[in-house]
Amino acid sequence: MKDKAIIITGAAMGLGLATAKVLAEKGANLSLVDYNEEQLIKEAEKLKSEYPEIEIIRVKADVSNEEDVKNYINKTVETFGKIDGLYNNAGIEGKQAPLIDYDLKVFEKVIDINLMGVYYGLRYVIPIMQKQKYGRIVNVASVGGIRGVINQTPYVASKHAVSGMSKQAAVEYGKDGILTNAIAPGAILTPMVAEAFKQVNPEDPKAAEAEYAKRNPTRALGDPKHVGLLVSFLLSEENGYVSGQTIAIDGGESNMY
Ligand code: NAD
């Protein structure tokens with residue numbers, strides 16, 4: 001990944017930050033994007049001191065705001081002169097509730113961030129990659145982009161859409177040297193998943209976590225670093241022919257009946 005210029009959205013924590021660490025270790029230059037500016041500054045400074053040999057910029061952006069997305073794309077090109085890879089990762093879960101009771105405002109917000117945020121990223125990065133005749137894109141779906149998940153209607157709808165848009169980008173822009181895939185993580189222990197366990201069992205979220213882990217074929221939750229390593233491959237030149245796929249990273253759980 002040396003000298004590659006990679007954008008990571010949702011880089012201030014969780015899967016975005018874990019992937020930033022993996023890519024930094026492999027020598028990539030990074031454009032870190034998040035709307036939580038305080039956390040973004042803190043983590044970007046830590047990465048800079050740990051990996052002084054790479055260049056890191058940070059851009060405050062809400063991915064559901066089209067102008068913010070144009071801005072993070074422009075800032076990255078101004079700094080690095082190119083964009084080799086986009087990790088379109090920022091997303092939210094929303095509040096858990098049955099389909100017919102779901103709060104419409106929360107529904108809209110989940111769609112705006114998870115679906116439109118990913119779409120704007122594709123819309124503005126692809127023309128840059130077309131000119132380069134090279135690009136790698138990883139969109140973050142979820143096991144909820146392959147299956148239904150109780151009480152998470154807009155999340156599941158948005159993540160199925162991410163999987164669909166990844167196929168769409170793959171079939172329309174493969175001719176330009178752009179490979180686009182989605183990943184579908186199962187339960188990986190990040191702040192977002194810790195919050196979900198709090199909603200399942202507010203009294204004892206750790207018990208909900210242990211109960212969930214028992215169901216997995218590996219009897220464990222995923223480690224964010226596992227996701228970072230998969231994303232790193234998909235964003236690299238080593239990936240020469242994988243495109244349009246939604247790749248589950250879930251210890252095999254989505255295959256269970
Ligand atoms: P997280 O909440 O731990 O981190 C998400 C990061 O994205 C935060 O830094 C947050 O500030 C940022 N963010 C959220 N909305 C944003 C917006 N509108 N604009 C800019 N930044 C924004 O979550 P995570 O677990 O790391 O999840 C990352 C992605 O992976 C999400 O798309 C999520 O749906 C997906 N995912 C996670 C899991 C899991 O097990 N952790 C499973 C399946 C899918």
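Axes here are lines fitted to C-alpha atoms, for helices over the stretch in contact, and angles run from 0 to 180 degrees between N-to-C directions. Helices (H or I, at least four residues) and strands (E, at least two) are DSSP runs, numbered from the N terminus.

Good morning. The structure above is a predicted model: local features need pLDDT of at least 70, side-chain atom pairs count only at pLDDT 80 or more, and totals for chains, interfaces and linings use all residues. Residue numbers start from 1 along each chain as its sequence is written.

I begin with a helix pair. Helix α1, residues 14–25, packs against helix α8, residues 224–234, at an angle of about 60°, and their axes are 8 Å apart. α1 is therefore oblique to α8, since angles under 35 degrees count as roughly parallel, over 145 as roughly antiparallel, 65 to 115 as roughly perpendicular and the rest as oblique. The crossing of α1 past α8 is right-handed, the term for a near helix turned clockwise from the far one by less than a right angle, with anticlockwise giving left-handed. On the α1 side, the contact involves Gly14, Leu15, Ala18, Thr19, Lys21, Val22 and Leu23, and on the α8 side Pro224, Lys225, Val227, Gly228, Leu229, Val231 and Ser232. Contact requires C-beta atoms, placed from the backbone, to lie within 7 Å. By class, there are eight nonpolar, four polar and two charged residues in this contact. Ala, Val, Leu, Ile, Met, Phe, Trp, Tyr, Cys and Pro count as nonpolar, Asp, Glu, Lys and Arg as charged, and the others, Gly among them, as polar.

Which residues does Gly14 touch, not counting residues up to four places away in sequence? They are Thr190, Pro191, Met192 and Pro224. Gly14 lies in α1 and counts as buried because 21 other C-beta atoms lie within 10 Å. The cut-offs are 20 or more such atoms for buried, 12 or fewer for exposed, and partly exposed in between. Gly14 and Ala90 are 76 residues apart in sequence, and 9.8 Å separates them in space, C-alpha to C-alpha.

I turn to the sheet. Seven strands form an open sheet, ordered β3-β2-β1-β4-β5-β6-β7, with parallel pairing; two strands pair if DSSP finds at least two bridges between them. Its edge strands, β3 (56–60) and β7 (246–249), each pair on one side only. From one strand to the next, the twist averages 20°. Helix α4, residues 104–132, packs on the sheet and touches β1 (5–9), β4, β5 and β6, its direction making about 170° with that of β5.

Strand β5, residues 135–140, is mostly covered, with six of its six residues buried. Gly135, Ile137 and Asn139 point one way from β5, whereas Arg136, Val138 and Val140 point the other way. β5 runs parallel to β4, residues 85–88, joined by four bridges, and pairs in the parallel sense with β6, residues 178–185, over six bridges. Tyr87 stands opposite Val138, and Val138 stands opposite Asn181 in β6.

Finally, two backbone details. Asp3, in the segment before β1, has a positive phi of about 70° although it is not a glycine. Arg219, in the loop between α7 (205–215) and α8, has a positive phi of about 60°, and it too is not a glycine. Are these residues buried or exposed? Asp3 is exposed, with 12 other C-beta atoms within 10 Å, and Arg219 counts as exposed with 10 C-beta neighbours inside 10 Å.

Note on methods
Contact = placed C-beta atoms within 7 Å.
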